[in-house]
Amino acid sequence: MNVTIPRSFGTYRVLELIERVGGAHIFLARQTSVDRLVTLTVLPQESAQDAAFRKRFKRQVAAASCLGHPNVVRALDAGSVAGHEYIVAEYAGGRRLSTSLEEGEWFPMRRCIGIALDIARALEHLQSRLIVHRGVNPRAIVLSESGVAKLRGFSYSKPLGGDGSETWFEVDPFATRYMAPEQIRFDKDVDVRADIYGLGCVLYHLVTGEAPNEGASKAEILSKQVAGEPTDAGRLRADIPAALAAVLARCLERDRKARYATAAELVQY
(Lines give C-alpha, C1' and ligand atoms only; values in the text may rest on other atoms or scores of the structure.)
Protein backbone atom coordinates (compact mmCIF):
# COMPACT_ATOMS: atom_id res chain seq x y z
CA MET A 1 0.00 0.00 0.00
CA ASN A 2 1.90 3.04 -1.24
CA VAL A 3 0.60 5.56 1.34
CA THR A 4 1.89 6.74 4.66
CA ILE A 5 -0.85 5.79 7.12
CA PRO A 6 -0.61 2.94 9.64
CA ARG A 7 -2.49 -0.34 9.17
CA SER A 8 -3.95 0.17 12.63
CA PHE A 9 -5.71 3.52 12.34
CA GLY A 10 -7.41 4.32 15.63
CA THR A 11 -10.16 1.71 16.03
CA TYR A 12 -9.91 0.80 12.33
CA ARG A 13 -7.82 -1.83 10.60
CA VAL A 14 -6.89 -0.69 7.09
CA LEU A 15 -7.37 -3.53 4.59
CA GLU A 16 -6.76 -2.07 1.11
CA LEU A 17 -6.65 1.13 -0.89
CA ILE A 18 -9.80 1.53 -2.99
CA GLU A 19 -8.94 4.74 -4.81
CA ARG A 20 -7.16 8.07 -4.66
CA VAL A 21 -9.23 11.17 -5.23
CA GLY A 22 -7.37 14.44 -5.34
CA GLY A 23 -5.58 14.88 -2.04
CA ALA A 24 -7.44 12.08 -0.26
CA HIS A 25 -7.15 8.30 -0.11
CA ILE A 26 -10.16 6.00 0.28
CA PHE A 27 -9.62 2.64 1.98
CA LEU A 28 -11.64 -0.42 2.78
CA ALA A 29 -11.21 -0.90 6.52
CA ARG A 30 -12.59 -2.92 9.41
CA GLN A 31 -13.95 -1.16 12.46
CA THR A 32 -12.56 -3.49 15.09
CA SER A 33 -14.75 -2.22 17.95
CA VAL A 34 -17.92 -3.56 16.30
CA ASP A 35 -16.36 -5.86 13.67
CA ARG A 36 -17.82 -4.31 10.52
CA LEU A 37 -16.47 -3.19 7.16
CA VAL A 38 -16.40 0.53 6.44
CA THR A 39 -14.86 2.95 3.97
CA LEU A 40 -12.19 5.22 5.42
CA THR A 41 -11.43 8.48 3.59
CA VAL A 42 -8.17 10.00 4.80
CA LEU A 43 -6.61 13.39 4.13
CA PRO A 44 -2.86 12.71 4.44
CA GLN A 45 -0.63 14.98 6.51
CA GLU A 46 0.89 16.68 3.48
CA SER A 47 -2.59 17.63 2.20
CA ALA A 48 -3.85 18.59 5.66
CA GLN A 49 -1.03 21.14 5.93
CA ASP A 50 -2.67 23.06 3.09
CA ALA A 51 -5.29 25.31 4.71
CA ALA A 52 -7.57 25.18 1.64
CA PHE A 53 -7.53 21.36 1.49
CA ARG A 54 -8.19 21.14 5.20
CA LYS A 55 -11.10 23.58 5.06
CA ARG A 56 -12.71 21.84 2.09
CA PHE A 57 -12.31 18.41 3.65
CA LYS A 58 -14.03 19.62 6.80
CA ARG A 59 -16.88 20.93 4.67
CA GLN A 60 -17.25 17.48 3.14
CA VAL A 61 -17.33 15.92 6.62
CA ALA A 62 -19.97 18.42 7.74
CA ALA A 63 -22.16 17.73 4.68
CA ALA A 64 -21.99 13.95 4.99
CA SER A 65 -22.48 13.95 8.75
CA CYS A 66 -25.86 15.73 8.68
CA LEU A 67 -27.42 13.19 6.31
CA GLY A 68 -29.38 10.11 7.26
CA HIS A 69 -31.45 8.34 4.60
CA PRO A 70 -31.74 4.75 3.27
CA ASN A 71 -30.58 5.90 -0.18
CA VAL A 72 -27.53 7.81 1.07
CA VAL A 73 -24.30 6.12 2.17
CA ARG A 74 -24.17 7.03 5.86
CA ALA A 75 -21.29 8.82 7.54
CA LEU A 76 -20.36 7.00 10.76
CA ASP A 77 -17.39 8.77 12.26
CA ALA A 78 -14.86 11.54 11.68
CA GLY A 79 -11.78 12.85 13.43
CA SER A 80 -8.00 12.94 13.34
CA VAL A 81 -5.36 10.25 13.96
CA ALA A 82 -1.67 11.14 14.05
CA GLY A 83 -2.29 14.28 12.00
CA HIS A 84 -4.50 12.54 9.43
CA GLU A 85 -8.02 13.96 9.06
CA TYR A 86 -10.52 11.21 8.23
CA ILE A 87 -14.18 10.42 7.67
CA VAL A 88 -15.72 6.95 7.96
CA ALA A 89 -18.79 5.83 6.01
CA GLU A 90 -20.81 2.65 5.81
CA TYR A 91 -19.65 -0.03 3.40
CA ALA A 92 -22.72 -0.87 1.34
CA GLY A 93 -21.19 -3.88 -0.39
CA GLY A 94 -22.45 -4.63 -3.87
CA ARG A 95 -20.80 -2.65 -6.65
CA ARG A 96 -20.68 0.77 -8.18
CA LEU A 97 -23.10 1.47 -10.99
CA SER A 98 -20.15 2.60 -13.12
CA THR A 99 -18.64 -0.89 -12.91
CA SER A 100 -21.86 -2.48 -14.17
CA LEU A 101 -22.09 -0.01 -17.04
CA GLU A 102 -18.43 -0.41 -18.00
CA GLU A 103 -18.97 -4.18 -18.18
CA GLY A 104 -21.91 -3.68 -20.53
CA GLU A 105 -24.62 -4.88 -18.17
CA TRP A 106 -28.09 -4.37 -19.67
CA PHE A 107 -30.73 -3.24 -17.16
CA PRO A 108 -34.42 -4.13 -17.45
CA MET A 109 -36.58 -1.01 -17.72
CA ARG A 110 -38.14 -1.55 -14.29
CA ARG A 111 -34.68 -1.73 -12.72
CA CYS A 112 -33.59 1.48 -14.48
CA ILE A 113 -36.58 3.31 -13.06
CA GLY A 114 -36.02 1.82 -9.59
CA ILE A 115 -32.40 3.01 -9.46
CA ALA A 116 -33.39 6.49 -10.63
CA LEU A 117 -36.15 6.71 -8.01
CA ASP A 118 -33.77 5.65 -5.25
CA ILE A 119 -31.31 8.40 -6.17
CA ALA A 120 -34.09 10.96 -6.63
CA ARG A 121 -35.19 10.20 -3.05
CA ALA A 122 -31.59 10.67 -1.92
CA LEU A 123 -31.52 14.08 -3.65
CA GLU A 124 -34.82 14.96 -2.00
CA HIS A 125 -33.16 14.31 1.37
CA LEU A 126 -30.11 16.40 0.44
CA GLN A 127 -32.37 19.23 -0.63
CA SER A 128 -34.14 19.12 2.73
CA ARG A 129 -30.73 19.62 4.34
CA LEU A 130 -29.86 22.47 1.93
CA ILE A 131 -26.99 20.49 0.35
CA VAL A 132 -26.15 20.28 -3.35
CA HIS A 133 -24.26 17.12 -4.34
CA ARG A 134 -22.78 18.40 -7.64
CA GLY A 135 -21.31 15.03 -8.57
CA VAL A 136 -24.21 12.72 -9.46
CA ASN A 137 -22.74 10.15 -11.85
CA PRO A 138 -22.44 6.34 -12.00
CA ARG A 139 -19.32 6.32 -9.80
CA ALA A 140 -21.27 8.09 -7.07
CA ILE A 141 -23.99 5.41 -7.01
CA VAL A 142 -23.61 2.09 -5.21
CA LEU A 143 -25.90 -0.84 -5.96
CA SER A 144 -25.95 -2.47 -2.54
CA GLU A 145 -26.12 -6.20 -1.95
CA SER A 146 -29.77 -5.77 -0.90
CA GLY A 147 -30.58 -4.19 -4.27
CA VAL A 148 -30.97 -0.62 -3.01
CA ALA A 149 -29.21 2.18 -4.90
CA LYS A 150 -27.32 4.56 -2.63
CA LEU A 151 -25.71 7.93 -3.29
CA ARG A 152 -22.13 8.44 -2.12
CA GLY A 153 -19.17 10.69 -2.91
CA PHE A 154 -19.70 14.05 -1.19
CA SER A 155 -16.36 15.52 -2.25
CA TYR A 156 -18.07 17.96 -4.63
CA SER A 157 -20.95 18.81 -2.31
CA LYS A 158 -21.60 22.27 -0.93
CA PRO A 159 -24.20 24.08 1.14
CA LEU A 160 -26.89 25.73 -0.93
CA GLY A 161 -25.65 29.21 -1.76
CA GLY A 162 -21.98 28.43 -1.09
CA ASP A 163 -19.39 29.07 -3.77
CA GLY A 164 -17.19 26.67 -5.74
CA SER A 165 -14.28 26.93 -3.31
CA GLU A 166 -16.03 24.29 -1.24
CA THR A 167 -14.99 21.56 -3.67
CA TRP A 168 -11.87 19.98 -2.27
CA PHE A 169 -10.42 18.65 -5.51
CA GLU A 170 -10.67 19.24 -9.21
CA VAL A 171 -13.44 17.64 -11.28
CA ASP A 172 -12.26 14.47 -13.01
CA PRO A 173 -12.83 13.93 -16.76
CA PHE A 174 -15.31 11.07 -16.15
CA ALA A 175 -17.64 13.35 -14.17
CA THR A 176 -17.87 15.94 -16.94
CA ARG A 177 -20.21 13.67 -18.93
CA TYR A 178 -22.82 14.10 -16.21
CA MET A 179 -22.31 17.77 -15.28
CA ALA A 180 -25.02 20.35 -15.83
CA PRO A 181 -24.28 23.22 -18.22
CA GLU A 182 -24.32 25.72 -15.35
CA GLN A 183 -21.57 23.74 -13.59
CA ILE A 184 -19.42 23.82 -16.70
CA ARG A 185 -19.95 27.57 -16.90
CA PHE A 186 -18.86 27.80 -13.23
CA ASP A 187 -22.07 29.50 -12.16
CA LYS A 188 -21.92 30.17 -8.43
CA ASP A 189 -25.61 29.62 -7.67
CA VAL A 190 -25.77 25.92 -8.60
CA ASP A 191 -28.71 24.17 -6.91
CA VAL A 192 -30.58 20.86 -6.92
CA ARG A 193 -31.48 21.31 -10.58
CA ALA A 194 -27.85 20.51 -11.43
CA ASP A 195 -28.19 17.26 -9.47
CA ILE A 196 -31.43 16.50 -11.32
CA TYR A 197 -29.58 17.02 -14.61
CA GLY A 198 -26.86 14.63 -13.44
CA LEU A 199 -29.47 12.03 -12.51
CA GLY A 200 -31.05 12.47 -15.94
CA CYS A 201 -27.68 11.69 -17.53
CA VAL A 202 -27.34 8.58 -15.36
CA LEU A 203 -30.85 7.39 -16.27
CA TYR A 204 -30.13 8.03 -19.95
CA HIS A 205 -26.97 5.91 -19.66
CA LEU A 206 -28.90 3.17 -17.87
CA VAL A 207 -31.61 2.86 -20.50
CA THR A 208 -29.50 3.40 -23.65
CA GLY A 209 -26.12 1.97 -22.66
CA GLU A 210 -24.24 5.22 -23.29
CA ALA A 211 -23.86 8.63 -21.69
CA PRO A 212 -25.88 11.38 -23.42
CA ASN A 213 -22.91 13.55 -24.33
CA GLU A 214 -20.06 11.29 -25.35
CA GLY A 215 -17.13 12.71 -27.31
CA ALA A 216 -13.62 11.97 -28.50
CA SER A 217 -12.09 14.52 -26.12
CA LYS A 218 -12.92 16.37 -22.92
CA ALA A 219 -13.36 19.57 -24.94
CA GLU A 220 -15.91 17.89 -27.23
CA ILE A 221 -17.81 16.49 -24.26
CA LEU A 222 -17.94 19.89 -22.56
CA SER A 223 -19.11 21.52 -25.77
CA LYS A 224 -21.96 19.03 -26.12
CA GLN A 225 -22.94 19.50 -22.47
CA VAL A 226 -23.32 23.23 -22.95
CA ALA A 227 -24.73 23.49 -26.46
CA GLY A 228 -25.44 20.04 -27.90
CA GLU A 229 -28.53 17.87 -27.87
CA PRO A 230 -28.38 14.17 -26.90
CA THR A 231 -29.78 11.62 -29.30
CA ASP A 232 -33.42 10.88 -28.58
CA ALA A 233 -33.29 7.94 -26.15
CA GLY A 234 -36.17 6.26 -27.98
CA ARG A 235 -33.97 5.88 -31.06
CA LEU A 236 -31.44 3.89 -29.01
CA ARG A 237 -33.89 1.69 -27.12
CA ALA A 238 -37.29 0.90 -28.55
CA ASP A 239 -38.99 -0.19 -25.30
CA ILE A 240 -38.66 3.17 -23.51
CA PRO A 241 -42.16 4.24 -22.38
CA ALA A 242 -43.26 7.64 -23.66
CA ALA A 243 -43.69 8.90 -20.08
CA LEU A 244 -40.11 7.97 -19.21
CA ALA A 245 -38.81 9.63 -22.37
CA ALA A 246 -40.62 12.81 -21.29
CA VAL A 247 -39.00 12.63 -17.83
CA LEU A 248 -35.58 12.23 -19.42
CA ALA A 249 -36.12 15.17 -21.74
CA ARG A 250 -37.13 17.44 -18.87
CA CYS A 251 -34.20 16.37 -16.65
CA LEU A 252 -31.78 17.07 -19.50
CA GLU A 253 -33.04 20.52 -20.40
CA ARG A 254 -30.10 22.90 -20.99
CA ASP A 255 -32.08 25.70 -19.36
CA ARG A 256 -32.37 24.72 -15.71
CA LYS A 257 -35.61 26.70 -15.39
CA ALA A 258 -37.23 24.08 -17.63
CA ARG A 259 -36.12 21.13 -15.45
CA TYR A 260 -37.92 19.81 -12.40
CA ALA A 261 -37.60 22.48 -9.72
CA THR A 262 -37.21 20.00 -6.85
CA ALA A 263 -36.28 16.38 -6.35
CA ALA A 264 -39.68 15.83 -4.70
CA GLU A 265 -41.37 16.89 -7.92
CA LEU A 266 -39.32 14.33 -9.84
CA VAL A 267 -40.13 11.55 -7.35
CA GLN A 268 -43.86 12.27 -7.50
CA TYR A 269 -43.88 12.25 -11.28
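Reader: What makes β7 and β9 paired strands?

Author: Pairing requires that DSSP find at least two bridges between two strands. Two bridges join β7 to β9 (residues 141-143), and the two run antiparallel, so they are counted as a pair. R95 has L143 in β9 as its bridge partner. The strands themselves are DSSP runs of E with at least two residues, while helices are runs of H or I with at least four, both numbered from the N terminus. This is a predicted model, in which local features need pLDDT of at least 70 and side-chain atom pairs count only at pLDDT 80 or more, whereas totals for chains, interfaces and linings use all residues. Residues are numbered from 1 along each chain as its sequence is written, and side-chain values use heavy atoms, with hydrogens and water left out.

Reader: Why are β7 and β10 said to stand at the edges?

Author: The open sheet has three strands in the order β7-β9-β10, with antiparallel pairing. β7 (95-96) and β10 (149-151) each have a single partner strand, so one side of each lacks a neighbour in the sheet. Helix α4 (residues 109-128) packs on this sheet and touches β9 and β10, its direction making about 35° with that of β10.

Reader: Why is K150 called buried?

Author: K150 is found in strand β10. Buried means under 20% relative accessible area, exposed over 50%, and partly exposed in between (1.4 Å probe, protein chains only). K150 has 12% relative accessibility and therefore counts as buried. Leaving aside neighbours within four places in sequence, K150 is in contact (heavy atoms within 4.5 Å) with residues including P70, E90, I119 and V142.

Reader: What does the side chain of K150 reach at 2.9 Å?

Author: The side chain of K150 reaches the backbone oxygen of P70 at that distance, 2.9 Å. A polar contact is a pair of N or O atoms within 3.5 Å; within protein, one must be able to donate a hydrogen and the other to accept it, and residues adjacent in sequence count only if both atoms are side-chain atoms.

Reader: With which side chain does the side chain of R254 make a polar contact, and why does R254 count as buried?

Author: The partner is the side chain of Y197, at 2.9 Å. The backbone oxygen of L252 also lies 3.3 Å from a polar atom of the R254 side chain. R254 lies in the loop between α9 and α10 (263-268), and counts as buried because its relative accessibility is 14%.

Reader: Why are α6 and α9 called oblique?

Author: Helix α6 (residues 192-208) and helix α9 (residues 242-251) pack at an angle of about 140°, with their axes 8 Å apart. Axes are lines fitted to C-alpha atoms, for helices over the stretch in contact, and angles run from 0 to 180 degrees between N-to-C directions. Angles under 35 degrees count as roughly parallel, over 145 as roughly antiparallel, 65 to 115 as roughly perpendicular and the rest as oblique. The two helices are therefore oblique to each other. Among the α6 residues that meet α9 are Y197 and L203, and L244 and L248 are among those they meet.

Reader: What takes a positive phi in the hairpin of β3 and β4?

Author: D35 takes a positive phi near 55° in this hairpin, which has four residues between its strands. Seven bridges join β3 to β4 (residues 36-43), which run antiparallel, and Q31 has R36 in β4 as its bridge partner. Seven of the eight residues of β3 (residues 24-31) are buried.
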